[in-house]
Amino acid sequence: MERYKQEFIEFMVTCDVLKFGDFITKSGRKTPFFVNTGFYRTGKQLKKLGEYYARAIREQFGTEFDVLFGPAYKGIPLSVATSMAFGDLYDMEVCYCSNRKEVKDHGDTGILLGSPLKDGDRVVLIEDVTTAGTSIGETLPVLKAQGEVQVKGLMVSVDRMERGTGADSALTEIRKSYGFPTAAIVTMKEVVEHLHNRPVQGRILIDDKMKEAIDAYYEIYGVKQEEIR
């Protein structure tokens, strides 16, 4: 596993974004781990987060794109921080764009924040964690209404590697439904591999008991091995 991925896993832990215990997901699943990107709360944390996203996007999708699009609301700071990181790390001038939940009818009117979209723009979508692909289904019509844009891929922070609405993972469902690549900075398989019996800030978050709980969760909600990319 690349060093930046190991660093990102520990970064999530230190920011209280990645937690282990007993949680209930929005879909009603009882899970032993939880990812809450709302706990990135400082400028330094967002700067670092943007750098991790930029490295992963460059590695997975290359640099032949024009706009980073972050769906409202959590995608807004992600797109801003990552566009700044591309400038700092790679000296690239990357535009950011996000949508409003409602169309603004005064002042800076319209549905978009940041850079306008136009025919021919190559767009990378950026989200926190995708569990059902709902926001992507809502976002794509917004993009298509602006012009003939090309979606180069979707990047999320963590691939939970569990079933979405069917037998495939949420990222696989999106890839199959919409025809563009999907990727994550890290997968839960990588998270478990790195944290199992390894202390972070003096604590072991995934001991043998927690590892058994995670394995049991994936026995119920995990995807077929051949779908894990």
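**Notes on a predicted fold**

1. Let's start with helix 5. Its buried residues pack against helix 4 (134-146), strand 7 (150-159) and strand 8 (182-187). Helix 5 itself covers residues 170-178, and its buried members are Ala170, Leu171, Thr172, Glu173 and Ile174. After the helix comes Gly179, with a positive phi near 80 degrees. Buried means under 20% relative accessible area, exposed means over 50%, and partly exposed is in between (1.4 Å probe, protein chains only). Contact, which is how packing is judged here, means heavy atoms within 4.5 Å.

2. Before you go on, remember that this is a predicted model: local features need pLDDT of at least 70, side-chain atom pairs count only at pLDDT 80 or more, and totals for chains, interfaces and linings use all residues. Residues are numbered from 1 along each chain as its sequence is written, and side-chain values use heavy atoms, with hydrogens and water left out.

3. Now the inside. The largest nonpolar core has 45 residues, and those touching the most other members are Phe8, Met12, Phe20, Ile57, Ile185, Val191 and Leu195. Helix 2 (residues 43-61) gives the most to this core, with seven residues. A nonpolar core here is a set of buried Ala, Val, Leu, Ile, Met, Phe, Trp, Tyr and Cys residues joined through side-chain atoms within 4.5 Å. A second, separate core of 20 residues includes Leu112, Leu117, Val151 and Leu154.

4. Leaving aside neighbours within four places in sequence, Ile185 is in contact with residues including Tyr4, Phe8, Tyr52, Ala56, Met155 and Glu190.

5. How do helix 1 and helix 6 (residues 188-195) pack? Their angle is about 85 degrees and their axes are 10 Å apart, so helix 1 is roughly perpendicular to helix 6. Axes are lines fitted to C-alpha atoms, for helices over the stretch in contact, and angles run from 0 to 180 degrees between N-to-C directions. Under 35 degrees counts as roughly parallel, over 145 as roughly antiparallel, 65 to 115 as roughly perpendicular and the rest as oblique. On the helix 1 side you'll find Lys5, Gln6, Ile9, Glu10, Met12 and Val13, which meet Glu190, Val191, His194 and Leu195 in helix 6.

6. Not counting residues up to four places away in sequence, Leu143 touches Phe69, Leu117, Leu125, Val149 and Val151. Leu143 and Lys118 are 25 residues apart in sequence, and 9.4 Å apart in space from C-alpha to C-alpha.

7. Most residues other than glycine have a negative phi, and most peptide bonds are trans. Asp16, not a glycine, has a positive phi of about 60 degrees; Asp16 is in the loop between helix 1 (3-14) and strand 1 (18-24) and is partly exposed at 39%. Gln201 also isn't a glycine, and its phi is positive at about 55 degrees. Gln201 is exposed, at 59% relative accessibility. Meanwhile, a cis peptide bond joins Ala72 and Tyr73, with omega about 0 degrees. Tyr73 lies in the loop between strand 3 (67-70) and helix 3 (75-90).

Key. Helix = DSSP H or I, 4+ residues; strand = E, 2+ residues; numbered from the N terminus.
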